[in-house]
Amino acid sequence: RIQYARWKEQCKHMDPHVGSGKIITAPIITEDGVPIKDPLVLLEAATPDQQASPITTKNGDEANQSSANRLTDKQTIEWKLTLHQIGLDVLRTDRSMVFYEKKENLSKLWDILAVYAWIDKEVGYCQGMSDLCSPMIVLLNDEADAFWCFERLMRRLRGNFRCTQQSVGVENQLQHLASIIQVLDPKLHDHLETLGGGDYLFAFRMFMVLFRRELSFGDSLYLWEMMWALEYDPDMFSTYEESGPATDRSAQGYKPRVKSTRQFGKYERANMKSATNGVDGPVPISVFLVASVLKENSQKLLQEARGLDDIIRILNNVNGNLDAKKACAGALKLHAKYLRKMQGKKA
C-alpha cells in the first residue's frame, strides 16, 4: 500500500487530475509535448457521446505560454497521451453495474489504470485492461489492494497486450488454437481457413479480456476462479517475487518439477504427466476454453459461415449463452483428447 501511494503521488505530481476524483476524457497534451489548455474533465458519470469536444486552438499569449511549458521527457509525454484514452475506456466498462453510478468508483478505476500505465513503461495502457481491472475495484474496497491484484493479473496477461506492426500479443495463443482445432476438428479448421480465418484473429477478444464480454460479470469471475484453479502451479509464485513490477510469467520459464503432483491443479497435472510442456510452459487453459466454444458452434460455423463476418456474428451470439462451468468441463475434455492424439502421433 505504501508503494502504491508513492507511485500515485509521483503520477499526481506529473498530472494533478490523478487522485482528484476526476477523469480525463479529452487530450491534455499534444504529441510534441505542448499542454492543451482546459481539457474536458469528467465530473460525473456520463457516456462519451455526451461530452463536448475540447477547444484546443490557441493564439497569441496562450500559444506562447503553452510552448514555453512544453514537456521534453518522452516517457512523461507518452504517459500523458494515454490518460484521456483510459478515461474513455473507463466510461465504457461495466456500465450496466450500479457500482459505477458512483463517480468515485469510476475515478478509482481511472487512477489505478493511470498508475499502472506509468509503472509498466514497456506495455503502458491498452484497450481491454479496464475490463480486467474492473472486478478488482468491485471486489476490494482498498484501492491499493485492487491495484496489486490487477498488477499480479497483468503479470500473467501483459504479453497479450504487446502488439507491434508485425504481430499481435496473443499471436502464440492464436497459433496454439489453430493447431488444436486442426488436430481435433480438421473439417472445421479447413472451413475457417477457406473463409480467410486461418489466423483465428476472430478469437482475439476472448483472449484479450478473458471472456469478460462473452459472460456476465458474475460468470466471468466464476470462470476465472475455475481456470486458475485448474492450471494452478506453485512455481508461479516465484515470479511474483521478482524485482520490479509487471514481470512477464511466460518469460520466466519453469523450474524443475517436484515428484508429487497433488499440489497442482487438474489441468496442470495432466500436462506434467504427459510431459508435453514446452520451454515456455504449457498452453494456457484459455486456449482450450476458446477451442471448446468453437467446437460447440462447429456445426453452425460449417453450415452458416460464408465469410469472416459470419464467423464473428456467430461467435458474438455466444454472448449471454455461454455457461462457464460447461466451458471449463469442455476445455478439460478437449485437452485430454488433444494430449492423447499428440501422444499417439509420437508413438
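Q: Ala, Val, Leu, Ile, Met, Phe, Trp, Tyr, Cys and Pro count as nonpolar, Asp, Glu, Lys and Arg as charged, and the others, Gly among them, as polar. By class, which residues does the lining of the second largest pocket have?
A: This is a predicted model: local features need pLDDT of at least 70, side-chain atom pairs count only at pLDDT 80 or more, and totals for chains, interfaces and linings use all residues. Numbering starts from 1 along each chain as its sequence is written, and side-chain values use heavy atoms, leaving out hydrogens and water. By class, the lining of the second largest pocket has no polar, three charged and 13 nonpolar residues.

Q: Which helix gives the largest share of the lining of the second largest pocket?
A: Helices are DSSP runs of H or I with at least four residues, strands are runs of E with at least two, and both are numbered from the N terminus. At least two lining residues each come from α5 (129-139), α6 (143-157), α10 (217-230) and α11 (237-240). The largest share is five residues, from α6.

Q: Is α5 largely enclosed or exposed?
A: Buried means under 20% relative accessible area, exposed over 50%, and partly exposed in between (1.4 Å probe, protein chains only). The buried residues of α5 include D131, C133 and M136. They pack against α3, α4, α6, α9 (204-209) and α10. Nine of the eleven residues of α5 are buried, so the helix is largely enclosed.

Q: How many disulfides does the structure hold?
A: A disulfide is a pair of cysteine sulfur atoms within 2.5 Å. The structure's count is zero. For C133, the nearest cysteine sulfur is that of C149, 9.9 Å away. C133 is buried at 0% relative accessible area, C328 is buried at 1%, and the number of disulfides is zero.

Q: Which residues does M97 touch, not counting those up to four places away in sequence?
A: M97 sits in the loop between α3 (74-92) and α4 (103-119). It counts as buried, at 17% relative accessibility. F217 is 120 residues away in sequence, yet its C-alpha is 9.0 Å from that of M97. By contact (heavy atoms within 4.5 Å), M97 touches V138 and F217.

Q: What is phi of Y200?
A: Y200 is in the loop between α8 (186-194) and α9. Its relative accessible area is 0%, so Y200 is buried. D94, in the loop between α3 and α4, has a positive phi near 50° in a residue other than glycine. Phi of Y200 is also positive, near 60°.
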